[in-house]
Each structure stands twice: as C-alpha cells, then as structure tokens.
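User: I would like to go through this structure with you. Could you take me through its packing and its backbone?

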Amino acid sequence: MSNQSTFYAINAATNEELEGSFENATLEHINSVVNKATAAFDIYKKIDNNKKAAFLDQIAEEILNLGDALLERCHLETGLPIARLQGERGRTMGQLKLFATLVREGSWVDARIDTAIPDRAPLPKPDIRHMLMPLGPVVVFGASNFPLAFSTAGGDTASALAAGCPVIVKGHKAHPGTSKMVADAIAKAIDICGMPKGTFSLILGNARFVGEALVKHPGVKAVGFTGSYGGGKALFDYANARPEPIPVFAEMGSTNPVFILPEALKEKGEEIAAGMAGSITLGVGQFCTNPGLSFVQKSDDLSKFYNQLKLKISESPAGVMLTPEIKKAYDKGIERTLGVGNVEEFSVGLNGDSPNAGTPRVFKTSIENFNQHEDLSEENFGPSSVLVEANSKSEIIEAAKNLSGHLTATVFGTDKDLVEYKELFDILPKKVGRIIVNGYPTGVEVCHSMVHGGPYPSTTAPQSTSVGTGAIKRFVRPVCFQNYPNAILPDELKNENPLNIWRLVDGNFKNSKI
C-alpha cells in the first residue's frame, strides 16, 4: 500500500494498484538533482551541434527499443488503447528527430551581425552580433493525457535539450512506471553519446510540495507544463514569487470554440455533425484541443445537423478516463453544467463498465443564457461539449468578441460564408493560437509552422508554442556581443561562419563568410 515515502500506480480501468512501488522525492533529492543539472549545463551547452543531434536521435531509438513492454505498461496506467499509444510513441520519436534535424542545421539560433563602420560620422558604428543562447536547467511537468508525447521525453523535453538546456522531468503521478521506463531509455542514450551526468533526470512523487520545490529552486531557469488551469497557474505564481522570477510556459485549459456558419450548415450539416461527434469523443475527450463549445445560428437547416449529432453521440461508447480524479472532475463538471438552468441535455452516449468510464454528453442552450453564465464557457476535461444557439450573425460576432483566450478556434463555412463573416476572421487571431477552417481541432501536426498556444488563460506565455520547432525558443534568450574579437566569438557568429548557417548580415540573409 502507498505511504508517505512510496506510492503505487493505479490501473486506470479497475483502480487496483499495479506492481512496483515508487519513491516520493525528498527535498534533499531535489537539491541534488538540480545541482547536477546546473553543473551539467556548463558542459552540455557547449557540445557540438552534431553530437546534440545524435543524442536526440539516440533517445528516439532507445524508446523504440523498449518495445511492447512500454506500451503495455502505459496502457495499464492510463487506460489508453495500445493502438493510440503506438501512434503516440511514433509522434514522440518524430519530435525528437525533428529537433535533431533543426539542431544539426543550426540556423535556428537567429544569428544577426551588424558589422562595424569605424569612419561613420558623427559617431563610429561598433560591431554588434546577436544570437539565442540556452537559459539553463528546465523543469518539465509530465502531462496526464499524453504519457509519451507530452511527458518524460515529450515535446518540452525534446525542445529544451535541443536548445542546450539540461532537463529535470517531474513525472506525472498517474503513470510513474511509464515515466521510469522512458527515463531509463534517456539514461542509456546519455551513456552511449557521452553526455554529461545531470543532462537529464526524472523525479517522481505524488505530493504537491515536489512540484513547488522544483519551481522555487534557484538553479531552475524555466518551466514547461501541460495540464489544468489550476495546476499551471499555481506553478506560474510560484515562479513569479521567486527572488529571481523565471518563465513558466504553461499550456492550460481551453474550450476551443467552433463556429458553424449558415451556408455550411445547409450544405454539409450532417457531415459536420458526424465529424464533430468524433472530435468530441476522440480519446474520451481528453485532448486540450477538444471542441467543448460550438455556436450555430437558428435556421431551417438546423434540424438535420441536430439529428445527426444527437444520433452519433448517443451511439458513442464510454471510455476509460485517465485517472479516478479526472473522472470525478468530469462528473462534477457535468453537474455544474446541468445546474446552470435553461440548459438541455441534448444527447448522452453509452455507459461503460469501468469505474472511471466517461460517458459522452452534449448540452444545448440559447445565446442569451450562455451570455449570462460564464460557467458554460469553461472547459470540462472529457467527452462533453456545449451547443449555443444564436439568433443572428451579430450575436455570433459578439460571442466571438467576448471569448477569452483559447488554443484553437474552428470555422465551418462555404466561400460565401467566409466572405459574409469576414469580421469573425478579424477577431479570432486576437483570441486563439490556431484557427482551423473546415476541419476539426483535435489532432496537432508536429511541424515547423505549428502553434500550440494562445492568449491567457489557455497559456501563461501567448508568444510561445509547445508544439513544433518554434518551441525551442521558449528555453533561450538573446545575447549581444559588441566589439568581440573574432577568435572568442561563438562559432555561430564568427566571420568565417564555420557552421555554414544562415545569418542576418547587415540586414541581408546569408550563409557565407563575411
């Protein structure tokens, strides 16, 4: 049984304790780990780009080498299907390899060079050079809903290591066995590639003080987090209360509003409804991009959309949610929604046998009632969504203006709709990080141009993304070198450009010598 010094993972489907105990981290252990990461930083940040890239590639290979045992343990701890976890493992490996490619090429450091003009009048112009450099040890908090792709070796870890920062992962208490297996794979890659000890560490614990102690430790220089609003905001507050505040890149709650415009509803209402049902229930609704809020406009064409959505949701099975706590929170959110008043339980899915089964639910209300109750716009993490029925275009536009910050917004519309509702597209970039037209928000492509972020309260850092190669810029800062002798400049800024990277030289991009 669990006690203060140890804890056990729980079978997500049965709530039974799984084999293997895990030690709760102590303050002494946390101090030791951060000190090792601090010492490793001075070495790791200077390691050759090709060696860093090879290290990231090796981590991916070692994760694959864990084989089915990793997937099986992860399935027990999270309830996620093996097929889903196979895809997530592929994504995790793909992220690591993508950052390896970025680091190997090298131009991401944003090298800028303004050469000197010593005879400029009335004052000489100095030689000024700029590049991005790593911050230091980064703490990454594993996410409950992505035990591989947003956890121990997930996107935050990959981007921080790529930036030249040692990483300390606070493993999620719901999947400690999975976290430990992946951490062992990273440790093996460290040995194979000759990286300094302390480049990566895993800390486990189910006590709140562990996360607080990590964020408050003076050796930690940045934090990556994916999870609830309450958890992310608490870490943000800890970081800003430090004598030396540090950045917290927290991706938090989002209801990801969907706007279904009149002509699209008329032409493809049933098709959109079927896709919406699939998006709402995908992964038991446990995606940060789950469409939890939709706006439609009253018309004669609504009935087909409503009928299809109601049918598809009613046929959707309940699925095992990630933890008993998440299931309880989901049920509490359902009760909160029903308690608002003037809210119709539009459609309910099939019940499940597991104690942690989340049953799909869609609610419907009027725009007038929605405007009066802020609770209806809050995320309920799980397979639920709220339909809001508006009377006119102006009410749709006003609803968009009143949105808080979200990760995504989706618009379904024909060419005619997109012209008619042009004002909507002027509003949404102020409200979200990613806008989707005629698609569904679930499913985040890992690529150079992806933005997985958004204005507060969806994140604490709206200028950043946690997915895609842009994520690397969270863990660096610009440093300027003025009148430096060429011999002691970083290779990225030397006249001879030994790394052959692209640089902004006197206002023009070049990958040549100066």
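Analyst: What follows covers a sheet, a helix pair and some individual residues.

User: What should I know about the model before we start?

Analyst: This is a predicted model, in which local features need pLDDT of at least 70 and side-chain atom pairs count only at pLDDT 80 or more, while totals for chains, interfaces and linings use all residues. Residues are numbered from 1 along each chain as its sequence is written, and side-chain values use heavy atoms, with hydrogens and water left out.

User: What is the strand order in the open sheet of 5 strands?

Analyst: The order is β7-β6-β5-β8-β9, with parallel pairing. Strands (E, at least two residues) and helices (H or I, at least four) are DSSP runs numbered from the N terminus, and two strands pair if DSSP finds at least two bridges between them. β7 (200–203) and β9 (248–251) stand at the edges with a single partner strand each, so one side of each has no neighbour in the sheet. From one strand to the next, the twist averages 15°.

User: How many bridges join β5 to β6?

Analyst: There are 4 bridges between β5 (residues 138–141) and β6 (residues 167–170), and the two strands run parallel. Val139 has Ile168 in β6 as its bridge partner, and Phe141 stands opposite Lys170 in β6.

User: Which helix packs on the sheet, touching β6 and β7?

Analyst: That is helix α1 (residues 27–44), whose direction makes about 165° with that of β7. Axes are lines fitted to C-alpha atoms, for helices over the stretch in contact, and angles run from 0 to 180 degrees between N-to-C directions.

User: And which residues of β6 are buried on each side?

Analyst: Both faces of β6 are covered, with Val167 and Val169 buried on one side and Ile168 and Lys170 buried on the other. Buried means under 20% relative accessible area, exposed means over 50%, and partly exposed is in between (1.4 Å probe, protein chains only).

User: Let us turn to helices. How do α7 and α8 cross?

Analyst: The axes of α7 (residues 208–216) and α8 (residues 229–240) come within 9 Å and cross at roughly 40°. That makes α7 oblique to α8; angles under 35 degrees count as roughly parallel, over 145 as roughly antiparallel, 65 to 115 as roughly perpendicular, and the rest as oblique. The crossing of α7 past α8 is right-handed, meaning that the near helix is turned clockwise from the far one by less than a right angle.

User: Which residues meet there?

Analyst: From α7, Arg208, Gly211, Glu212, Val215 and Lys216 meet Leu235, Tyr238 and Ala239 of α8. The residues of this contact divide into 4 nonpolar, 1 polar and 3 charged. Here Ala, Val, Leu, Ile, Met, Phe, Trp, Tyr, Cys and Pro count as nonpolar, Asp, Glu, Lys and Arg as charged, and the others, Gly among them, as polar.

User: What is Tyr238 in contact with?

Analyst: Leaving aside neighbours within four places in sequence, Tyr238 is in contact with Arg208, Glu212, Val215 and Lys216, where contact means heavy atoms within 4.5 Å. Tyr238 and Glu212 are 26 residues apart in sequence, and their C-alpha atoms are 6.9 Å apart.

User: Which residues of α7 are buried, and what covers them?

Analyst: Val210, Gly211, Ala213, Leu214 and Val215 are the buried residues of α7. Their cover includes α1, β5, β6, β7, β8 (222–226) and α8.

User: New topic: is Lys364 buried or exposed?

Analyst: Lys364 counts as buried because its relative accessibility is 17%. Lys364 lies in strand β15 (residues 361–366). Beyond its neighbours within four places in sequence, Lys364 contacts Tyr306, Asn342, Val343, Glu344, Phe346, Leu387 and Glu389.

User: Asn342 turns up there. What is its phi?

Analyst: Phi of Asn342 is near 60°, a positive value in a residue other than glycine. Asn342 is in the loop between α11 (324–338) and β13 (344–348) and is exposed, with a relative accessible area of 67%. Asn500 also has a positive phi, about 55°; Asn500 sits in the loop between β19 and β20 (503–505) and is partly exposed at 48%.

User: Where are cis peptide bonds found?

Analyst: One runs from Ala121 to Pro122, with omega near 5°, and Pro122 is in the loop between β3 (112–114) and β4 (128–134). Another runs from Tyr456 to Pro457, with omega near 10°; Pro457 is in the loop between β18 (432–437) and β19 (476–482). Most peptide bonds are trans, and most residues other than glycine have a negative phi.
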